[in-house]
Amino acid sequence: MSGESQLTYTLVVNGGVYGRQSSKTAYQFATALIQQGHKLVSVFFYQDGVTNGSQLTVPANDEFDLNKAWRTLAEQNKVQLETCVAAALRRGIVSEQEASQHGLPQSSLSDGFHQAGLGSLAQALLSQDRVIQF
């Protein structure tokens, strides 16, 4: 970035992994801001957006695998992927810890994603230069 300062970002994704454009648009925005030299600190998946963290989605062979794309982006750029724990539990997106705590037979949260409370989002609002919602 010539002459410009690097900004820190958190994205809030409310749209489901498939069926609407907002999650893919958020992903495309995330890749663009990283390419522009900014720092994406975290992506907070809220409401139906928590479905982006499901390890049980299986897109058709000719469809973009958004779950895999988020995981790759996070791994390559040290981005935190957080699903709202309350919204996730309501939609069957459950970490190993939550599955054990609630007596469920298995977890469904994809590797690379972590469950967090709204306090994590509040912290991002206070500490990042920009928080953008999709």
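Does Phe64 count as buried, exposed or something in between, and what is its relative accessibility? At 36%, Phe64 counts as partly exposed. The views below are close-ups of a predicted model.

**View 1. Tyr27 and Phe64, a tilted ring pair.** The two ring centres sit 5.6 Å apart with the planes at 50 degrees, so this pair goes down as tilted. Tyr27 belongs to helix 1 (residues 22-35), while Phe64 is in the loop between strand 2 (39-45) and helix 2 (66-77), so the pair ties together parts that are 37 residues apart in sequence. Tyr27 has 16% relative accessibility, and because the cut-off for buried is under 20%, Tyr27 counts as buried.

**View 2. Phe45 and Trp70, an edge-to-face pair.** Here the centres are 5.3 Å apart and the planes make an angle of 85 degrees, giving an edge-to-face pair. Phe45 comes from strand 2 and Trp70 from helix 2, so to speak two distant parts of the chain, 25 residues apart, linked by this pair. Phe45 counts as buried at 0% relative accessibility, and Trp70 is buried at 0% too.

**View 3. The aromatic cluster.** Step back from the two pairs and a cluster shows up: ring pairs link Tyr27, Phe45, Phe64, Trp70 and Phe113. The count of aromatic pairs comes to seven.

**View 4. Helix 1 packed on helix 2.** Two packed helices are described by the angle between their axes and the distance between the axes. For helix 1 and helix 2, that angle is about 25 degrees and the axes are 11 Å apart. Angles under 35 degrees count as roughly parallel, and helix 1 and helix 2 therefore fall in that class. Their crossing is left-handed. On the helix 1 side, the residues that meet helix 2 are Ser23, Lys24, Ala26, Tyr27, Ala30, Thr31 and Ile34. Helix 2 answers with Leu66, Ala69, Trp70, Leu73 and Asn77.

**View 5. Ser107, a buried loop residue.** Ser107 lies in the loop between helix 4 (96-101) and strand 4 (113-116). With 16% relative accessibility, Ser107 counts as buried. Setting aside neighbours within four places in sequence, the contacts of Ser107 are Gln55, Val94, Ser95, Glu96 and Ala99.

View 6. Gln133 is part of strand 5 (residues 130-133) and counts as exposed, at 57% relative accessibility. Not counting residues up to four places away in sequence, Gln133 touches Val12 and Asn14.

View 7. Most residues other than glycine have a negative phi. Gln47, not a glycine, has a positive phi of about 50 degrees. Gln47 is found in the loop between strand 2 and helix 2 and counts as partly exposed at 39% relative accessibility. Lys78 is not a glycine either, and has a positive phi of about 55 degrees. Lys78 is in the loop between helix 2 and strand 3 (80-84), where Lys78 is exposed, with a relative accessible area of 69%.

Key:
Residues are numbered from 1 along each chain as its sequence is written. This is a predicted model: local features need pLDDT of at least 70, side-chain atom pairs count only at pLDDT 80 or more; totals for chains, interfaces and linings use all residues. Side-chain values use heavy atoms; hydrogens and water are left out. Helices (H or I, at least four residues) and strands (E, at least two) are DSSP runs, numbered from the N terminus. Buried means under 20% relative accessible area, exposed over 50%, partly exposed in between (1.4 Å probe, protein chains only). Contact means heavy atoms within 4.5 Å. Rings of Phe, Tyr and Trp (its six-membered ring) pair if their centres lie within 6.5 Å; planes under 30 degrees apart count as stacked, over 60 as edge-to-face and the rest as tilted. Axes are lines fitted to C-alpha atoms, for helices over the stretch in contact, and angles run from 0 to 180 degrees between N-to-C directions. Angles under 35 degrees count as roughly parallel, over 145 as roughly antiparallel, 65 to 115 as roughly perpendicular and the rest as oblique. A crossing is left-handed if the near helix is turned anticlockwise from the far one by less than a right angle, and right-handed if clockwise.
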